[in-house]
Amino acid sequence: MNRIKAFLAKFSFRTGVIVLLCCVPCYILSFAQMALPISTAAKGVLWFILFGAAKTTQYAGLTILGVEGVRRLKQRFNRSRE
């Protein structure tokens with residue numbers, strides 16, 4: 001586990017933000033696919049895969065950013081709202 005964290009921590013802030021933003025389409029698709037006219041089993045499999053991908057990209061992005069990166073991201077959002 002520490003090797004994975006060390007590997008992800010080598011990436012830049014920008015890469016972390018991009019990976020973190022990739023979780024948004026996965027979340028949208030994981031719930032939007034429920035409207036498709038397919039079997040319940042297929043919906044369950046799709047939801048499992050897409051929701052898992054969303055959580056994986058979310059946690060990978062947060063690991064890449066780290067504590068300082070999250071602070072920088074919050075500061076940028078606060079500046080843009082003012």
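## Glu 68 and the model

Glu 68 is a residue of helix 4; helices here are DSSP runs of H or I with at least four residues, numbered from the N terminus. At 52% relative accessibility, Glu 68 counts as exposed, where exposed means over 50% relative accessible area, buried under 20% and partly exposed in between, with a 1.4 Å probe and protein chains only. The C-alpha atom of Glu 68 is separated by 13 Å from that of Phe 11, and the two residues are 57 residues apart along the chain.

This is a predicted model, in which local features need pLDDT of at least 70 and side-chain atom pairs count only at pLDDT 80 or more, while totals for chains, interfaces and linings use all residues. Residues are numbered from 1 along each chain as its sequence is written, and side-chain values use heavy atoms, with hydrogens and water left out.

Helix 2 buries Phe 13, Gly 16, Val 17 and Leu 20. Seen down the axis of helix 2, these residues fall within an arc of 100 degrees, so they line one face of the helix; the arc is that of the directions from the helix axis to the C-beta atoms. Helix 3 and helix 4 are among the elements that cover the buried residues of helix 2.

In helix 3 (residues 23-32), the residues Cys 23, Cys 26 and Ser 30 are buried. Their arc around the axis is only 60 degrees, which puts them on the same side of helix 3. The cover over the buried residues of helix 3 includes helix 2 (13-21) and helix 4 (40-81).

## Crossing of helices 2 and 4

Two packed helices are described by the angle between their axes and the distance between the axes. For helix 2 and helix 4, the axes come within 8 Å and cross at roughly 115 degrees. Axes are lines fitted to C-alpha atoms, for helices over the stretch in contact, and angles run from 0 to 180 degrees between N-to-C directions. The crossing of helix 2 and helix 4 is left-handed, a term for a near helix turned anticlockwise from the far one by less than a right angle, clockwise being right-handed.

On the helix 2 side, the contact (heavy atoms within 4.5 Å) is made by Phe 13, Gly 16, Val 17, Val 19 and Leu 20. Helix 4 contributes residues including Thr 57, Gln 58, Ala 60, Gly 61, Leu 62, Ile 64 and Leu 65, along with Gly 69, Arg 72, Leu 73 and Arg 76. By class, the contact of helix 2 with helix 4 has 9 nonpolar, 5 polar and 2 charged residues; Ala, Val, Leu, Ile, Met, Phe, Trp, Tyr, Cys and Pro count as nonpolar, Asp, Glu, Lys and Arg as charged, and the others, Gly among them, as polar.

## Aromatic pairs

The structure holds 4 aromatic pairs, in which rings of Phe, Tyr and Trp (its six-membered ring) have centres within 6.5 Å; planes under 30 degrees apart count as stacked, over 60 as edge-to-face and the rest as tilted. Phe 7 and Phe 11 form an edge-to-face pair, 5.3 Å centre to centre with 85 degrees between the planes. Phe 7 is partly exposed at 48% relative accessible area, and Phe 11 is partly exposed at 36%.

The rings of Trp 47 and Phe 51 have centres 4.7 Å apart and planes at 15 degrees, so this pair is stacked. Both residues lie in helix 4, 4 residues apart, about one turn of the helix. Trp 47 is partly exposed at 30%, as is Phe 51 at 23%. Ring pairs link Trp 47 and Phe 51 with Tyr 27 and Phe 31 into a cluster.

## Met 34

Met 34 sits in the loop between helix 3 and helix 4 and is partly exposed at 39% relative accessibility. Leaving aside neighbours within four places in sequence, Met 34 is in contact with Lys 43 and Trp 47. Met 34 and Gly 16 are 18 residues apart in sequence and 29 Å apart in space, C-alpha to C-alpha.

Definitions and conventions
Helix = DSSP H or I, 4+ residues; strand = E, 2+ residues; numbered from the N terminus.
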